[in-house]
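I opened a notebook page for this chain. The entries below follow the order in which I looked things up.

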Amino acid sequence: MTTGRRRRPSFGRREVVILAVALLVLAAGVAVAVTFMLKARQVGTIGNSTSPSASAATASTAASAAASPSPANTSLTLESIFDKQPDLGGIDQKRVVTMIATGDVIPGRRVNGHMVAMNDFLWPFKPTHDYLHSADFVFINLESPLVPGCAVNNGHTTTFCGDPRFIDGLTYAGVSVVNLSNNHISNAGGAGVTSTEKLLSDHGIQYTGLGFTPTITVKGVKFGFVGFNGVTGGAGVDKAELKREIQLLRPTVDVVIAQFHWGAEYKLVPQAAAGVAPDDPRDIGHAAIDDGADLVIGNHPHTVEGVEIYKGHLITYAHGNYVFDQDAPWWVPDPGQPDAADGVLGKYTFVDGKLAAVKYSPIRTYTDGQPRFLTGSTQAYGDYVMSLMKLSSQIIAGQAPPQPVPSPTVPRPPSGN
């Protein structure tokens, strides 16, 4: 054996080429990995600054499901909605996502005048604030543009605008998504629509309708939204566009929620309004579900209407008013009309991305658009509102409905209101 200095290996041209190719392959792999991680981040996530990728979310949900029971029966029925709520106790809250949907929000006319006079744009939401924040996200119909220079008008105008400072009320209420497809959002022209969209975007509130299909992710469940207006005085809802938007969203989300502005005003059951809202809401709601929607939310009638379970999916035809000035003594219903001062807040509970429970809480609007829950001394009237909603649902389902309970005395405004 000989000893001495070890020879330094030499690299020929062939070895250099091989080394360069190897480095290029390694760099490409790193780039693919980085791109995958960036795409896995969910821009519209609520509750986490970063959202897990779809596979990670699925794994997490599966692990939670193994550790906690599933609901005994997740099939919704009129009984499970109006009479006996399903027992979701014991389910890991990581698997549960709740949404509150409201009736029409119209910060115009006397609502706007009241807020401007008090310089308080949180005021309409104060009695229901805590309940709204009990949900993971809130979905409303915003039926008035928010425009600089909106003049106070406390009269009977049907051309609406709201002060831009009302955006503070929406953020205070925890609103996450708004529907802008309705018959009043363009009351201030295209500039009013644009200013409203910018205000919402600047305050982190997403909007659907007018061709926009936003998504949000909550606890690993991705929700997508579409919105359409059928109160056109003309052709109604564009069914081809409805199908296109739903089917565009469907492969990319876990839950598709469609909101519609539709139907005749001040009716107990959904129906078309000739020359104003030509579509039968039932036809449009069914079409949305046939196209792939999981849940359908309706508004515009300004009174509470019933629900329908169609092919295992829920349609809520109207929540009534939420923030609007159709309250006594300024507005009084005609004989036989439901009262436009009454409404409901709907809490929709999803387990593993499936709608498992729905609870409607009756409210009544007092003093220029401030809703309050019908509980305590007003419980009897709240039960009456719910009995009408159930009756409407039974009529929609073709059941022989019982007679509604007689209307109790309409509650007086709370003291100090």
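**Contacts and overall make-up**

I began with the contacts in the chain that have a separation of 6 or more: residues 24 or more positions apart account for 72% of them. I note here that the model is predicted.

I then looked up the secondary structure and found 10 helices and 15 strands. For burial, I noted that 51% of the 417 residues count as buried.

**Nonpolar cores**

I went to the largest nonpolar core next, which has 36 residues. Its members that touch the most other members are M99, F223, I257, L314, Y348 and Y360. Helix α10 (residues 379-396) gives this core its largest share, 6 residues. I also noted another core, lying apart from this one, with 31 residues; I100, L146, Y322 and L345 are among them.

I followed up on F223. Leaving out residues up to four places away in sequence, I listed V97, F137, P214, T215, I216, V218, V253, V255, I257 and F350 as the residues that F223 touches. One of these, I257, is also on the list of core members that touch the most others.

**Disulfide**

How many disulfides does the structure hold? I found 1. C150 and C161 form it, and their sulfur atoms are 2.0 Å apart. C150 and C161 both lie in the loop between β3 (137-142) and α6 (166-172), 11 residues apart. I recorded the link as right-handed, with 80° about the S-S bond. Are the two cysteines buried or exposed? Both C150 and C161 are buried.

How values were computed
Residues are numbered from 1 along each chain as its sequence is written. This is a predicted model: local features need pLDDT of at least 70, side-chain atom pairs count only at pLDDT 80 or more; totals for chains, interfaces and linings use all residues. Side-chain values use heavy atoms; hydrogens and water are left out. A nonpolar core is a set of buried Ala, Val, Leu, Ile, Met, Phe, Trp, Tyr and Cys residues joined through side-chain atoms within 4.5 Å. Buried means under 20% relative accessible area, exposed over 50%, partly exposed in between (1.4 Å probe, protein chains only). Helices (H or I, at least four residues) and strands (E, at least two) are DSSP runs, numbered from the N terminus. Contact means heavy atoms within 4.5 Å. A disulfide is a pair of cysteine sulfur atoms within 2.5 Å.
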